[in-house]
Amino acid sequence: MPEKVETNNAKTKKVRFTDMFAILLSSKIAMVGLVIVLFWVFVALFAPYLTPYTPYEQDWKAPNQGPSAEHILGTDELGRDLWTRLIYGARVVLVVLPVSENISLPGGTAIWGVVVALLIGATLGLIGGYKGGWIDELVMRLLDAMMAIPVILLYLIIVVAIGASAVNVVIAISIVGVPGIARLVRSLTLDIKTREYIRAAETRGESAWFIMFVEILPNTRGPIIIDAMLRIGYAIFAMGTLGFLGLGMPPPSPDWGSMVAKGRAFILTGNPYAALWPSLAIASLVVGLNLLADGIREESMRYQ
Amino acid sequence: MIVFILRRFFLLLLTMILVSVAVFVIAESSPGNIAKNVLGAFISPEQEAAFIRQNGLDQPMYVRYLHWIAGNDWIAEKKINMPLKRITTEEDFEEWWAVRKDGALIRWKVDGDDLVAIVLTEDGEKTEYIDNERWEAIEDGKQEFWGIDRQNHAVRWVKGETETMFVFVMGKGWMESSGGPKDYIPLKKGFVRGDPGISFRTGRPVNKSLWTRLRNSVVLAGTAFVIVMPLALLLGLIAGLQEGSVRDRFLSVGGMMFSVVPEFATGIFLTLIFSVWLGWLPGAAVLGTSAPWEKPMMLILPVLTLTLIELGYILRITRASMVEVMKSPYIRTAFLKGLPYKKVVFKHAVKNALIAPITVIMLHVNWLLGGIVIVEVVFGYPGLGAYLLESALYKDFNALEAGAMIMVLVAVGTQLVADIIYTFLNPRIRYA
């Protein structure tokens, strides 16, 4: 019996993936988004091979320069190569999470923020939605209170309390993301809970945790995937904002937001590039992700 | 209906309390840092301890929270046995004085072993005299006195025993001096009585700068709002009416792009275009002491940045709502009974299509507040957002907490208003 279920799953998965691909191909907007996103993923993955410099290498003879043959995008106020810092910045966002000086985890800071938020938010949403009663009421009221706090204020307070580092950026992003995800998962759970297969599982005597995580959670994936894609966009947005406010990564690391904040001081003295490139980078990546998510959502609605 | 509003109001109150506790606990969980920020990184542990005690930061958290919320002048009044009064001087400083039986204001300083009283008469004259009768004997033959010092603390002096203290000197910051008392109660009226305390950064009452900053922010946000609303609603309706057309694609994709790009990036792009390349507008909002409306040129770029960000968001919601309404049966009925297109759109569709965006916009205030903070920082605009950031980075609790509470009040208050408006517009969700 379990084997049969598995093969069924595999089949539907295959169909789903080809569907997904067809959707992507048929939507020009999604394709544009995909190309932009893939570009940034590519440069982030292969950053060390795409530049002769390191992001920390200072050239005090050539500070605040415009684009040239040696430095294709110019240099910042300490003579660091902007292209190098830009693509290493993309690496921090999308590919690695620098936990400490020597340890870094695979998966970018923004990705981790969303994943942690998903884990906590989905658990709270499942518990609230499936158990109901006073647990639901309590969880939801607390999340309501959290949602009432302006996001920027949460960031400020969190960073003031725990300081600025990559891990704390992840914590800040996930705390802000949890209420939204929990609400989404809860509403989906309330709907799925009434289905027959849940009744069947209950009759079989499965535990509440099994039902929540094995029966309900996988069936909420559709809306969650689109939501998560938008959320990665938000997370990158948030990372940039935190960095810009001086609440992001500690100084020497190549962080887009703090690059803009530093470069801003030199705009009026004639070197706009140090602020322009990271602004463009973050804008293009966020827009790309949103185009992709929008395109997929629209096309998949059309197919339904 | 009234029950519903009361319920929402109660929830608002609950949220405020929760948030205030959270903000307070998180912000004040590491009081050591404020001393280092204020006095420099190289202070000795004794100096740090003296500063923390002087500002009442050595009290347990719940005591500090209560004092911050409800004030502590009533505690001090009991210790001193005199009523206390807060006055505002001509230089706009707030001073606490004790009120003598004859109505004159009085405070004290210690000069060697002598207690010196300073009396302020109604015409602003200050006179000093030696006031040693007030010393009260305690055990070990020592003498103590509870009074008001010159830095707005209720303090306990012990004769012959003084400690290091820190005094805020205008223009110089916090300076060390001797002759300090044993115990301190930093006097404040408490947040709910309209006194959020003294800013460590400026040495002035938070109230002073907060309201100017808030006013500047309100001008900024208000101007942006007045421009965005009609524009976004109009464009959204146009896009929604022509769903799928080139114009619609252009508006909704364009709107999306503007609304998802971080505010600081938009701000940088606009600065580069309008102030560096075209040279039309100033790139930073340098207001000095003047009000924003006195220098409207400084407002243009910040307002434009906010407008672009909010425009896309509201436009998309309006569009979606309009599309939905146009597909509804009653619109089809209106068309089928032969009403002209214009009449259907303006009389039947628009009114219903606007319900969703107007309430959603109210709920969007949280995001708008974030946008304002960034825009203020990008352009150096002296508003509440920039003030909050500066206070947060400096760990200037009193300022941070006051600013945070105002922000939360605005956010939660608009949500309450949105809820109430929504129940009027859409009776189906009433009493929910």
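This is a predicted model: local features need pLDDT of at least 70, side-chain atom pairs count only at pLDDT 80 or more; totals for chains, interfaces and linings use all residues.
Residues are numbered from 1 along each chain as its sequence is written, chains are lettered from A in the order in which they are written, and side-chain values use heavy atoms, leaving out hydrogens and water.

Let's start with the sheet. Chain B has an open sheet of 4 strands in the order 6-7-8-11, with antiparallel pairing. Strands (E, at least two residues) and helices (H or I, at least four) are DSSP runs, numbered from the N terminus, and two strands pair if DSSP finds at least two bridges between them. Strand 6 (136-137) and strand 11 (183-186) of chain B each have a single partner strand, so one side of each has no neighbour in the sheet. Strand 6 of chain B pairs with strand 7 (residues 143-148) of chain B over 2 bridges, and there Glu136(B) stands opposite Glu144(B).

Now for the meeting of the chains. Contact here means heavy atoms within 4.5 Å, and it takes 41 residues from chain B and 42 residues from chain A. What does the side of chain B that touches chain A have, by class? That side has 32 nonpolar, 5 polar and 4 charged residues; Ala, Val, Leu, Ile, Met, Phe, Trp, Tyr, Cys and Pro count as nonpolar, Asp, Glu, Lys and Arg as charged, and the others, Gly among them, as polar.
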